[in-house]
Amino acid sequence: MIMYAPDNWRKKSLGMTGTRNGMNKFQAIKAFNLIKFFDPKELHHGAAIGADKQCHDIATVLKIPSIAHRPTKTDYMAQCLGAQNRPAKPYLVRDRDIVTESDLMLSFPKEEWNGYNKGGTAYTTKYALNNKVPIIIVTPTKLLWFNFDNEDEDMLRSRDYLLDLLAEF
């Protein structure tokens, strides 16, 4: 059974970025468990096919309102409008808005993370890192956690608990 994060990490705005190729099974399971664990007040996503749509569907199942940050270019837009829909913006502007409106980010890249990755998911991940927004990067095979706050004991315990818990699934 999944426990919830401590109160200082629950009911916050959770943002996500991910590949339009979709998440693999490992990432999809981690996405479900992370979203459930953090129990956010809302989930911000880019309304694109692939990982955005998958996380939107997870939020819907968990009854978490989603906020769709739609792109102006609709080639890869999914049918996943949220409880709120932000005005359409160019991809990178929309991606920065997702980070800005989120207390914590999840990233689901299509490849292992090395810091030199390219594309929209990598851009958004680097933007979160550069702006010191806590982020969990779920690569196709592992989970990486970056937090920039002064980590208090509750936060450290919740991080260690989370990593241990997710290693089991």
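## Starting from Ser107

Ser107 sits in strand S5, residues 104–108. Helices (H or I, at least four residues) and strands (E, at least two) are DSSP runs, numbered from the N terminus. Keep in mind that this is a predicted model, where local features need pLDDT of at least 70 and side-chain atom pairs count only at pLDDT 80 or more, while totals for chains, interfaces and linings use all residues. Residues are numbered from 1 along each chain as its sequence is written, and side-chain values use heavy atoms, with hydrogens and water left out.

With 0% relative accessibility, Ser107 counts as buried (buried means under 20% relative accessible area, exposed over 50%, partly exposed in between, with a 1.4 Å probe and protein chains only). The side chain of Ser107 makes a polar contact of 2.7 Å with the side chain of Thr125. A polar contact here is a pair of N or O atoms within 3.5 Å; within protein, one must be able to donate a hydrogen and the other to accept it, and residues adjacent in sequence count only if both atoms are side-chain atoms. Setting aside residues up to four places away in sequence, Ser107 touches Thr17, Thr121, Thr125, Ile135, Ile136, Ile137 and Val138, contact meaning heavy atoms within 4.5 Å.

What about the rest of S5? 5 of the 5 residues of S5 are buried, so the strand is largely enclosed by the rest of the structure. Leu104, Leu106 and Phe108 point one way from S5, and Met105 and Ser107 point the other way.

## The sheet around it

Zooming out, 7 strands make an open sheet with mixed pairing, in the order S4-S3-S2-S1-S5-S6-S7. The edges belong to S4 (84–89) and S7 (143–146), each with a single partner strand, so one side of each is left without a neighbour in the sheet. On average, neighbouring strands of this sheet are turned by 20 degrees against each other, direction ignored. Two strands pair if DSSP finds at least two bridges between them. Here are some of the pairs:

| Strand pair | Sense | Bridges |
|---|---|---|
| S1 and S5 | parallel | 5 bridges |
| S5 and S6 | parallel | 3 bridges |
| S2 and S3 | parallel | 3 bridges |

Met16 stands opposite Leu106 in S5, and Ser107 has Ile137 as its bridge partner in S6. Facing S3, Leu43 stands opposite Ser66 and His44 stands opposite Ile67. S3 is mostly covered, with 5 of its 6 residues buried.

## Helix H1 and the cores

Helix H1 (residues 25–38) packs on the sheet, where it touches S1 (13–18), S2, S5, S6 (135–138) and S7. The direction of H1 makes about 155 degrees with that of S6; axes are lines fitted to C-alpha atoms, for helices over the stretch in contact, and angles run from 0 to 180 degrees between N-to-C directions. At the start of H1, a side-chain oxygen of Asn24 comes within 3.1 Å of the backbone nitrogen of Phe26. Just after H1, Asp39 takes a positive phi of about 45 degrees. The buried residues of H1 include Leu34, Ile35, Phe37 and Phe38.

Now for the inside. The largest nonpolar core has 22 residues, of which Ile35, Phe38, Cys55, Leu106, Phe108 and Ile136 touch the most other members. Such a core is a set of buried Ala, Val, Leu, Ile, Met, Phe, Trp, Tyr and Cys residues joined through side-chain atoms within 4.5 Å. S1, H1, helix H2 (51–61), S5, S6 and S7 each supply at least two residues of this core, and H1 gives the most, with 5 residues. Apart from this core lies another, of 10 residues, among them Ile98, Met105, Trp113 and Ile135.

Leu106 is in contact with Leu14, Gly15, Met16, Thr17, Leu34, Ile35 and Ile136, leaving aside its neighbours within four places in sequence.

## Two partly exposed spots

Pro65 is found in the loop between H2 and S3 and is partly exposed, with a relative accessible area of 35%. Pro65 and Glu42 are 23 residues apart in sequence, yet their C-alpha atoms are 5.0 Å apart.

Lys12 lies in the segment before S1 and, at 32% relative accessibility, counts as partly exposed.
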